[in-house]
Amino acid sequence: MNPAVPTWAGVGASLVLVAVAVAVAWRQQLHLAREIAVAALRAGIQLAAVGAVLLLVLRHTGLAGAAGWLVVMVLIAGRVAGRRAAGLPRALPVATAAIAAGTAATLGVLLALGVVSAQARVVIPVGGMVVSGAMQATALVLTRLREEVRTARPAIEARLALGLSSADAFAPHLRTTVRTALIPVVDATRTVGLISLPGAMTGLILAGVDPLTAIRYQIVVMYMLLAAAALAALIAARLAERALFDDAHRLRPADADG
Amino acid sequence: MLTTGETVFGLERVTVQRGGALLLDDVSCRIPARSCTALVGPSGAGKSTLLRLLNRLEEPSDGVVRLHGRPLPELDVLAVRRRVGLVGQQPVLLTDRILDDLRVGRPDLDAEQAAGLLERVGLPPGMLERATAGLSGGEAQRVCLARALAVGPEVLLLDEPTSALDAVSAKAVETAVRDLVAAGTTAVLVSHNTAQARRIAGHALVLDHGRLTAAGAIDRIAYLDEGP
C-alpha cells in the first residue's frame, strides 16, 4: 500500500479532529455540536457506501456500469439545478437536458481525442467533475434567467411589441445571463494554482504522482470544466428561452411560470 | 354603436380568462380607421387587456379579433406587431443612446429619418446622439413613441402613456399624440383621465369589470361627463 494513503486506523484517528470541532462548537455555545457530529458521521457513511459501490462497478461492470453511474449523476444534478430554478417553466427537464448535453459533448471530445482513456476507473471520476461543473453553470444560468425575466419583462415586451422575434427580443438578456453564469468558472481557471491547489492535482500528488505529471491532468480538467460550463449554460439558456415564450412570440404570463 | 367608416380592428364576442379571473367578458366592438379611440373605465376594467389583444401580446380565451377583416391568428404575428405599434405606461428605454433606441425595431434607420421622427414627437433632432440615461420622463416617453413610429405602424396603441409622468411631461406627450392623431394616425388610447380622452379621441369604448358598457362618438359617452 502507498504509505501516503491513510489506513482505516488513521481514518479512525482523524475523528479527533471532529471532536475538536464539536468541542469548539460546544464551548462557544454555537448550537452546532450535534449538527457537526451528525454531518461528519454522515460524510463517513456516504463516502464508504459510494466507495463500496464504485469498487463493485469498477471490478465487475466495466464501461457499461460507468455509463449507468454517469446517467444517475446527471439525473441527480438535473434535480438539484432544476430545483434552484423553481419558478421557471419546465425547469427540471431543461436543467437535466442541459447538464446531459454539456456532459456528453465534453466527455465525448475527451474520449474521442484519446485525452482520457475509456476505462471505468477514469470515466467515472472525470465524468463526475464534468457533471458537477455543468450543474453549477446550469443552476446559475437558470436562477439568473428567472430574475432577469422578472425584472426585464417590460423591456422584453417592448422589443416584442416592435415586431422582434422572441429570440431577438431575449438575446440581450440571454447574453448577460450566460456571461454572468460563466464568470465563476473563468475566474477559477484564471487563478488556478495561485489561490488554491485544485482537487484533481492535489489527489494525484497525495497518491504519489510527481507534480509535473499531476498538472497535466489538472490542465485537462480545467479546460474540460470550461467547456462543460459554457455548453451547459448556453444550452440551458436556449431551452429555457423556448419554455418562456409561446409560438406567438409572447412571454408567458408570470402567473403561469412554474 | 359605431357603424360608419373603415374598420381597422373588429372584436367578436371576445373573452379573456386567466387563472380563474375574467379579464374581458364577451366583448364585441370595432376600432375605426384614422381617428383615436379611447378605452376608458375604472381600474381593472380590462382596458389594457383589450389593448394587448390588438398586437397579440394577449390571446383571447374565446372569440375573434380581426385586423381589416382577417382573424389575427391567420396573420404573421411579427408582421402584425410591426403594423400595430405599442407605447406602454412606463417609458422603457432599451439602449444607451437615443439613436440606437430608435433603431431597435428598424436597424436600417438613417440619422436623417431618425431626426424626422424626433421632430414628429416634438423633440429637438439634435438629441439623437444623447444618452438615454438622464432623460426626463416626458422625453423618455416621446423617445418610446418615436421608436414605435420608426417601424412605420398603421395603428398606435397607447397604454396610459402619460399616467406615470409629471404634469409638464404629460402635456408634452399628449401634444405629440394629438399631433399624430390630427395627421391621420389610427390610435387606441387607454386612459383613466377622461378629460385627456376627450381632448385626444374621437370615439370611446367604456369598459367595466371586463364588459363593454358603452361605445360611440366621444361627445355622446355619458361616462366621460362624470369623470375628472
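Predicted model: local features only at pLDDT ≥ 70, side-chain atom pairs only at ≥ 80, totals over all residues.
1. For chain B the average pLDDT is 91, and 97% of the residues score at least 70.

2. Helix α4 of chain A covers residues 91-112, and its 22 residues should span 32 Å at 1.5 Å a residue, which agrees with the 31 Å that separates its end C-alpha atoms. The buried residues of α4(A) include Ala91(A), Val94(A), Ala95(A), Ala98(A), Ile99(A) and Gly102(A), and also Thr106(A), Leu107(A) and Leu110(A). In general, residues three or four places apart point the same way, because an α-helix has 3.6 residues a turn. The buried residues of α4(A) pack against α3, α5 (120-161) and α8 (211-244) of chain A, and just after the helix Gly114(A) takes a positive phi of about 70 degrees.

3. Leu54(A) is placed in helix α3 of chain A, where it is partly exposed, because its relative accessible area is 23%. Leaving aside residues up to four places away in sequence, Leu54(A) touches Trp69(A) and Ile124(A). The C-alpha atom of Leu54(A) is separated by 55 Å from that of Ala161(A), which is 107 residues away along the chain.

How values were computed. Residues numbered from 1 in each chain as written. Chains lettered and ligands numbered in written order. Heavy atoms only, no water. pLDDT = per-residue confidence, 0-100. Helix = DSSP H or I, 4+ residues; strand = E, 2+ residues; numbered from the N terminus. Expected span 1.5 Å × (residues − 1). Buried < 20%, exposed > 50% of the residue type's maximum accessible area, 1.4 Å probe, protein only. Contact = heavy atoms within 4.5 Å.
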